[in-house]
Amino acid sequence: MIIRRPRPEDYARILPSEITPEATYLNRRQVLKAAVAAGLIAGVGLESAPSRAALTKLNYTHNDKFSVIEKPNSFEDITNYNNYYEFGTDKSDPAANAGNFKPTPWSIKVGGEAETTGNFTLEDILKPHALEERIYRFRCVEAWSMVIPWVGFPLKDLLARFKPTSKAKYVAFKTIVRPSEMPGQRSAVLPWPYVEGLRIDEAMHPLAFMAVGLYGQTLPNQNGAPIRLVTPWKYGFKGIKSIVEINFVEKQPPTTWNISAPNEYGFYSNVNPNVDHPRWSQARERHIGSGSGLFNARQPTLMFNGYQEQVADLYKGMDLKKYY
């Protein structure tokens with residue numbers, strides 16, 4: 001008997017038709033919960049993510065300047081429909097499997113081309129920053145979207161504290177590796193740890209955001225607790241979660257999806273309706289929460305996810321089909 005072990009590229013070729021519609025997974029979870037209540041099956045992992053009541057309230061102010069006017073998705077949408085392969089590839093897996101993850105205590109290692117480097121606790125990271133809420137559009141490369149009320153602080157303010165030198169052309173990020181708490185890391189679905197990066201001017205842009213909460217509370221595990229990156233003009237996979245390392249580097253750093261499928265996922269990953277994914281169009285998107293399952297309202301995709309006025313100058317003169 002031949003046992004075939006899946007390769008990373010096999011998972012990178014998941015088709016849109018293979019992605020679980022949100023109505024399907026919600027109905028499935030309700031059926032499973034009912035079966036548990038009736039004693040028909042064991043209730044393992046069905047309610048493993050911490051409840052909203054278990055999250056801590058944050059003190060913050062709302063930032064109108066950097067918030068869109070669209071109505072945010074519900075807390076339930078945002079916390080139950082996720083891509084977070086460290087907890088599984090299905091949209092419902094992060095909420096189901098993230099309960100054992102421990103986001104405290106936490107520290108971040110800072111290194112590379114900067115005057116101030118070392119290990120910093122999350123408390124060290126947060127102490128100088130006043131938290132603010134920003135309601136950002138979120139666009140996934142799989143052609144679905146949400147509107148999310150993040151709480152956090154500008155990435156540029158954090159990076160400036162470390163005083164990057166003139167050699168720092170890029171900022172590289174790394175996610176924690178804890179396969180005992182993150183069951184998706186026990187498979188070869190992606191090369192671990194998850195890594196991402198930004199050009200230094202992208203990282204210093206006012207829209208780039210370090211989120212530590214949503215809907216006024218600390219981040220749920222399935223959304224990247226305790227701290228994650230948000231770059232609203234880029235596809236969602238650029239928003240690396242559960243960050244444990246930040247490095248200032250001179251050369252373009254590797255990024256996980258570009259490593260796994262370089263013909264499909266570029267370093268920049270800007271939302272661009274004119275550059276299709278090799279396996280589907282990016283011209284339109286399905287807005288989660290606007291209907292039922294696959295019948296969620298579809299709408300045109302906006303260039304740079306609607307942030308063109310703010311970020312277009314970052315890419316002036318670049319061929320955005322070549323640098324996708």
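Let's start with Glu285, which is buried, at a relative accessible area of 5%. Buried here means under 20% relative accessible area, exposed means over 50%, and partly exposed is in between, using a 1.4 Å probe and protein chains only. Keep in mind that this is a predicted model, where local features need pLDDT of at least 70, side-chain atom pairs count only at pLDDT 80 or more, and totals for chains, interfaces and linings use all residues. Residues are numbered from 1 along each chain as its sequence is written, and side-chain values use heavy atoms, with hydrogens and water left out.

So what is the partner of Glu285? Glu285 forms a salt bridge with Arg139, and their closest N and O atoms are 2.8 Å apart. Arg139 sits in strand S4 and Glu285 in strand S12 (residues 284-287), so this pair ties together parts that are 146 residues apart in sequence. Arg139 is buried too, with a relative accessible area of 0%. A quick word on terms: a salt bridge is a side-chain nitrogen of Lys or Arg within 4 Å of a carboxyl oxygen of Asp or Glu. Helices (H or I, at least four residues) and strands (E, at least two) are DSSP runs, numbered from the N terminus.

How many salt bridges does that rule give? The count comes to eleven. Another one of them joins Arg137 and Glu70, with the closest N and O atoms 2.8 Å apart. Here Arg137 belongs to strand S4 (residues 132-139), while Glu70 is in the loop between strand S1 (61-62) and helix H3 (75-80), and the two are 67 residues apart. Glu70 counts as partly exposed, at 31% relative accessibility.

One further pair to find on your screen is Arg279 with Glu264, where the closest N and O atoms are 2.8 Å apart. Both residues are in the loop between helix H8 (256-260) and S12, 15 residues apart. Arg279 is partly exposed at 24% relative accessibility, whereas Glu264 is buried, with a relative accessible area of 10%.

Now let's move to strand S6. Is S6 largely enclosed or open? Five of the six residues of S6 (residues 170-175) are buried, so the strand is largely enclosed by the rest of the structure. Two strands pair if DSSP finds at least two bridges between them. S6 runs antiparallel to strand S7 (residues 195-199), and five bridges join them. Look for Val171, which stands opposite Leu198 in S7. S6 also pairs with strand S11 (residues 243-249), again in the antiparallel sense, over six bridges. There, Thr175 stands opposite Ile243.
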